[in-house]
Amino acid sequence: MQPTLYQSDFYRWARQQADLLREGRFDTLDAEHLIEELEAMGSRERRELANRLKVLLTHLLKWQFQPDRRGASRARTIRVQRMDLSDLLNDEPGLAPEIPRAFDKAYSKARLLAANETGMEEATFPKQSPYSIEQTMADDYLPEGD
């Protein structure tokens, strides 16, 4: 059995589907795979949101629990992560309702990453995020050390 264009050359398949849509040739679309790809796009965007939050939360934890390592570089890293998160939400405003669920998942992973990257025990970091969503995303918020 020969592989379909979708299986053998995704880029060409996608361009073909776009052309068919532009031309209004809906009867010849590969609807099954188009639906799969659209659903996958939404999943990728949700994963990107969770990943951005995870990285930001990891750096906030490192800022708070490694006060001797604070510096301009770490502060800039936090700012860049916030900017990237803001860009994502500006580009994809439909992701905003996903933030609370993504935040909780991201914090669990951030806690593990912070322990790994600092060499500290996982128990050093609170099980629940010590930061609200608003604090995490606020341009000027940096947590105090414990």
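Which residues do ring pairs link into a cluster? In this predicted model, the cluster joined by ring pairs consists of Tyr6, Phe10 and Trp13.

## Helices H2 and H3

Helix H2, which covers residues 10-22, packs against helix H3, which covers residues 31-65, at an angle of about 105°, and the axes of these two helices lie 12 Å apart. Because angles of 65 to 115 degrees count as roughly perpendicular, H2 is described as roughly perpendicular to H3.

The contact is formed by Phe10, Trp13 and Gln17 on the side of H2 and by His33, Leu34 and Glu37 on the side of H3.

The loop between H2 and H3 holds threonine 28, which is partly exposed, with a relative accessible area of 39%. Threonine 28 and leucine 49 are 21 residues apart along the chain, and their C-alpha atoms are separated by 34 Å.

## Aromatic pairs

The count of aromatic pairs in the model comes to 5. One of them joins phenylalanine 65 and phenylalanine 125, whose ring centres are 5.0 Å apart and whose planes meet at 75°, so the pair is classed as edge-to-face. Phenylalanine 65 belongs to helix H3, while phenylalanine 125 sits in the loop between helix H5 (99-118) and helix H6 (133-137), and the pair therefore ties together parts that are 60 residues apart in sequence. Both of these phenylalanines are buried.

## The nonpolar cores

The largest nonpolar core has 23 residues, and those that touch the most other members are Leu49, Leu53, Leu57, Leu61 and Phe125. Helix H3, helix H4 (72-91) and helix H5 are the elements that give two or more residues to this core. A second, separate core of 5 residues includes Tyr6, Trp13, Leu20 and Leu34.

Leucine 49 can be followed in more detail: apart from residues up to four places away in sequence, leucine 49 touches Leu85, Leu88, Leu89, Leu95, Glu98, Ile99 and Ala102.

Between alanine 75 and leucine 60, which are 15 residues apart in sequence, the C-alpha to C-alpha distance is 9.1 Å. Glutamine 81 also has its place in helix H4, but glutamine 81 counts as buried, at 12% relative accessibility. When residues up to four places away in sequence are not counted, glutamine 81 touches Arg52, Val55 and Leu56.

In helix H5, alanine 115 is buried, with a relative accessible area of 12%. Leaving aside neighbours within four places in sequence, alanine 115 is in contact with Met120, Glu121, Glu122 and Phe125. Alanine 115 and leucine 61 are 54 residues apart in sequence, and in space their C-alpha atoms lie 9.2 Å apart. Both leucine 61 and Phe125 are among the residues that touch the most other members of the largest nonpolar core.

Definitions and conventions. Residues numbered from 1 in each chain as written. Predicted model: local features only at pLDDT ≥ 70, side-chain atom pairs only at ≥ 80, totals over all residues. Heavy atoms only, no water. Axes fitted to C-alpha atoms, helices over the stretch in contact; angles between N-to-C directions. Helix = DSSP H or I, 4+ residues; strand = E, 2+ residues; numbered from the N terminus. Parallel < 35°, antiparallel > 145°, perpendicular 65-115°, else oblique. Contact = heavy atoms within 4.5 Å. Phe/Tyr/Trp six-rings, centres within 6.5 Å; stacked < 30°, edge-to-face > 60°. Buried < 20%, exposed > 50% of the residue type's maximum accessible area, 1.4 Å probe, protein only. Core = buried A, V, L, I, M, F, W, Y, C linked by side-chain atoms within 4.5 Å.
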